[in-house]
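User: I have a model open and want to go through its packing and pairing. Can you take my questions one at a time?

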Amino acid sequence: MFTTIKRGISKVKEDIKVIYDNDPAAKNLAEVILCYPGLHALIAYRLAHKLFKWRIALLPRLISYFTRIITGIEIHPGAEIGRRFFIDHGEGVVIGETTLIGDDVLIYQQVTLGGTGKETGKRHPTVGNKVVIGAGAKVLGNITIGDNVRIGAGSVVVDNVPPNSTVVGIPGRITHRTLIDDNGNLMHNRIPDPISCELNRLKAEIEILKENR
């Protein structure tokens, strides 16, 4: 029991450090502990997940339900979440039952990691390590998001994404032109639109054909 408590405290300390590392608005420890719903939701999830693994009925879902009321974040206790997971802002985040999330993943508000219907078994996404999912993005179905993927704000992803890719649009399209700042963070306001890029390419080809007539 003491070892389990000690391990839990260690994970909370790691989660707090992740907030400091990713959010320049985090000013002091009291602010992080009291004012970050993503941290609250993650702590509650870990408790619910442990009970879920022990096959305790109802209580894990009740913890998840009340956490959603308080934080606006819904994490099913059956989801598997790795280390150093950070939910920035957090309002409206939904993570489904069979979701698998790797280490060092960052997601923003209004993100959904959900299913696509009433299928059974594995029906939610598998998210790799060091993935960033922008605000309002929807990742749906039993698909795999590779390591080091960046998903732009508002994107809807319904197909597998290979590692080291950037995905934007509805439905999500892969572009390998990854725009990051000096700290390696995705610049969501400068993500290219693959449809516009393709239209511009076609326009340029038409102009060339006109000149060569």
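User: Is Phe 66 buried, partly exposed or exposed?

Analyst: This is a predicted model. Phe 66 has 48% relative accessibility. Exposed would need over 50%, and buried under 20%. So Phe 66 counts as partly exposed.

User: Which geometry, stacked or edge-to-face, do the rings of Tyr 65 and Phe 66 have?

Analyst: The count comes to one aromatic pair. The ring centres of Tyr 65 and Phe 66 lie 5.4 Å apart. Planes over 60 degrees apart count as edge-to-face. The planes here are at 70 degrees, so the pair is edge-to-face.

User: What does Tyr 65 count as by relative accessibility?

Analyst: Tyr 65 comes out at 41% relative accessibility. The buried class stops under 20% and the exposed class starts over 50%. Tyr 65 therefore counts as partly exposed.

User: How many residues are in the largest nonpolar core?

Analyst: Ile 75, Phe 85 and Ile 95 are among the residues with the most contacts inside it. Helix H3 (residues 37-53) gives the largest share, three residues. A second, separate core of 10 residues includes Ile 19, Val 32, Leu 39 and Val 132. The largest core has 28 residues.

User: Which residues does Ile 75 touch, leaving out those up to four places away in sequence?

Analyst: Ile 75 is one of the residues with the most contacts inside the largest core. With sequence neighbours up to four places away left out, its contacts are Ala 41, Tyr 45, Ser 64, Ile 81, Ile 87 and Ile 95.

User: Which residue in E5 is the bridge partner of Glu 80?

Analyst: Four strands form an open, parallel sheet in the order E2-E5-E8-E11. E2 (80-81) is an edge strand, pairing on one side only. Two bridges join E2 to E5 (residues 100-101). The partner of Glu 80 is Leu 100.

How values were computed: Residues are numbered from 1 along each chain as its sequence is written. This is a predicted model: local features need pLDDT of at least 70, side-chain atom pairs count only at pLDDT 80 or more; totals for chains, interfaces and linings use all residues. Side-chain values use heavy atoms; hydrogens and water are left out. A nonpolar core is a set of buried Ala, Val, Leu, Ile, Met, Phe, Trp, Tyr and Cys residues joined through side-chain atoms within 4.5 Å. Buried means under 20% relative accessible area, exposed over 50%, partly exposed in between (1.4 Å probe, protein chains only). Contact means heavy atoms within 4.5 Å. Two strands pair if DSSP finds at least two bridges between them. Rings of Phe, Tyr and Trp (its six-membered ring) pair if their centres lie within 6.5 Å; planes under 30 degrees apart count as stacked, over 60 as edge-to-face and the rest as tilted.
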